[in-house]
Amino acid sequence: MDAYVRDWLKKDRHTEYLLIGVLTVLAVLVRISMRTFVSDDWVIFWDDWFFHLESKGFAALADDFYDYAPPMLYLLYLITLLPVNYMTAFKGFCCLLDFAGAAAVAGLVWNGTQNRKRAVFAYGIFLFLPTVILNGAAWCQCDIIYTLFILLCVSFLLRGKTWTGMWFYGAAFAIKLQSLFIFPFLVILWVRRKVDLKHFVTLPVMYMLGILPAWLAGRPFSELLDIYVAQGTQDAWSLSIKFPNVYQIIGNDFFLDEYMGAGMYLILGILMMVLFWMAYQKVRVTKEYVILLILFFGILTTYFLPHMHERYLYLTDAFLLVYGMIRLRRFPLLVLAAFNGIAGYAQYLTKQTPLVPYGVLAFFQLGILIVLGLDLYRFPVYEKDRQELDLQEEGRIPG
Amino acid sequence: MNIDQFLRDLLYRKCSIGPLRFDFLEGLLAVCITGIGFFIRTPFETGLPHWTHLLAEWYLALASAVFVWRLTSGRRRALVTYGMLLILPTLVAEGTILQGDACVAALFFVSALLFFLPESGKMGTWLFTLVTGGLLLWSVPYAGILFACMVLWQREKLTIGQLLFLALTAGMRLVYAYALWLRAGYTLVTFHWPNIYEIVGRASIQGQLVDPVALTGLFLTPGLLLLLVWLFAQGEKDTGCLSKKEEGIRVLRLFLFFGLLTCYFLPYMNQSAGCLYGVLAVLYLVLVPKEFLVAMLLQIVIFAGYQEYFRESSMMPMAFFAGIQFLVICWLGVKVLEDAGVMMPCRRKS
């Protein structure tokens, strides 16, 4: 019997299939076991929104009780039509997307490394990242939705399917403003001739498509256009909401209005300088480079933007996993980032302040940013032998 | 023509205004970052930012860019310097929020450095001496510059007359300031500046004729710095010919090291003490990118001081920032000793 099992496992891919199966079952079990947990977000927001939608139906979308992008509300409306517990259904939907996200992460790792084992590993890690488990299954949050769209966007972009990739990015933008954290990577891809201006039309088109049903339901068009602006000023009570960024070092409760404006301009200035430098960087746009760009911009913008929530590291955690699998020596960064992220989640869910101050976590986060920044800075060195090829390919010698 | 291609080509298109040649992208950055530099200051004012400080900060960024450009002949480096200084949070805090004079002092010193460049000749060195002397007479936190100038005198960059002039101005200011401060009955030995007193205890001793902690700090500082100057004299003279850039880096490192060390031990320093050194650190970063941690950590330390002043308490213990600053000073110290050729004989003897 032992010999049979060993032989079976040794056969092509059997171990991997078994591992994927067991991990999937475990991941399902952990999510099912959390289905009854009621978070504050559910009590304060989601439950109320479901009540509105249940009582008034689709016409409720004309009211201004929600500050999320309308596509999220369509999802809630669809759930109200089902004969199931709303919270279970909403959590179930997000958890289903967790698996799709894990598959997308695995796909990116496979695309970047052509290594099946690493892809399986990435699938498993994503499903068991504490922030991923808690975000949907416990907190009732839906960061997986836009993250999944961005993962798919990058997957298609890396395969050369620019339009498909950009439609997914547009979809991510139509759902969450946070998708813009990584937007500068598309500017670099445009400079490097990987995308064209016409592809950016997907953002307004998808946004318009997203708000159209709510407008038809009766909500004023101007309000729908302003929904992200309203979101931006919503959490003005703290410069950082359990997010380990610069405001946790200098203070997140003073000069609230002033630092909000100045912080926006500061990150805008920093991005200008970084993009300027990158426009002259002699580098071949490889898959690893694209992942690194997304990661760097995701962490850079959130490090300086005011009013960041702890959940906003979700996207970068996913890409940090991909990057850590492509460049294994960077894997410890994911461990550090997961530790950084979980502190905020734990405080939200348990109402206990973490023993490690957020200022210290902010220095950890700065460390991650520095390492990634150095990776970007040194990237041309690693790719030195391919520079000439790159310049010939692009037909331009910058600098 | 393809619009994408047209725009991409436009980014790298060569433009010129008079003798100045630049890429369109460089010009675009210069314009945009100037705008950002203006707007980043607007949230702190009810109307437009205070024009004198705004002008001083802008001119400081410009002078620093010219300094970098003269040292490296690198247009992009100069532009990056300009941009970084325009959006530098410590400068915004000093000039716009606090409306303090340290940014004006930084402007004077960077201008003095421009005079100190080799091509300026003897007249330039005298102008450097006069401006620096004015700075030393102006405020105590710049006293460290005097000790850096002593090392420069050792290296025959300054004459004995110039050094004596600087010593006189610095001495006058120190004597005048501390005669007042030591009798002022201050309750603290440091005012929002993360230095040694944030580690050993910043409350001053009350009810006595003298405060021994402050007095120790006051006399320890020149003593320690003189010892260091003497140590520099023990180094092996660098016979090799240094490039202008390398020379500039060494000078900057020297000013940074002595300036920070002085403020680290002198009592009664305030949050503005680091403003000038924050600017010098940015110049250092642009010239030596691989030592970016010096500038980055220093900005955090300096801004922590300003933030404690605004907020009246610090998010993290100030001793933590004082520790970081100490590490930065140690790092610079090792580099400066290497520059002076002191490390080699030490290693041989050990």
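**Close-up 1. Polar contacts join chain B and chain A.** Here we count 10 residue pairs in polar contact between chain B and chain A, both residues of a pair being at pLDDT 80 or more. A polar contact is a pair of N or O atoms within 3.5 Å; within protein, one must be able to donate a hydrogen and the other to accept it, and residues adjacent in sequence count only if both atoms are side-chain atoms. On the side of chain B that touches chain A, helix 14 gives the largest share, 8 residues. That side splits into 31 nonpolar, 4 polar and 6 charged residues. (Nonpolar covers Ala, Val, Leu, Ile, Met, Phe, Trp, Tyr, Cys and Pro; charged covers Asp, Glu, Lys and Arg; the others, Gly among them, are polar.) Helices are DSSP runs of H or I with at least four residues, strands are runs of E with at least two, and both are numbered from the N terminus.

**About the model.** This is a predicted model, where local features need pLDDT of at least 70, side-chain atom pairs count only at pLDDT 80 or more, and totals for chains, interfaces and linings use all residues. Residues are numbered from 1 along each chain as its sequence is written, chains are lettered from A and ligands numbered from 1 in the order in which they are written, and side-chain values use heavy atoms, with hydrogens and water left out. The scores are ipTM 0.91 and pTM 0.91. Chain B has a mean pLDDT (the predictor's confidence in each residue, from 0 to 100) of 90, with 96% of its residues at 70 or more.

**Close-up 2. Chain B meets chain A.** Contact (heavy atoms within 4.5 Å) takes in 41 residues of chain B and 38 residues of chain A. Together the two chains bury about 3600 Å², with 76% of it on carbon and sulfur atoms. Buried area is the accessible area (1.4 Å probe) that two parts lose on being put together, summed over both.

**Close-up 3. A salt bridge crosses between the chains.** B:Arg311 and A:Asp253 pair up through their side chains, N to O at 2.6 Å. A salt bridge puts a side-chain nitrogen of Lys or Arg within 4 Å of a carboxyl oxygen of Asp or Glu. Chain B and chain A share 2 salt bridges.

Close-up 4. Strand 1 (residues 14-17) and strand 2 (residues 20-23) of chain B run antiparallel, paired over 4 bridges; pairing takes at least two bridges found by DSSP. B:Cys15 sits opposite B:Phe22 in strand 2.
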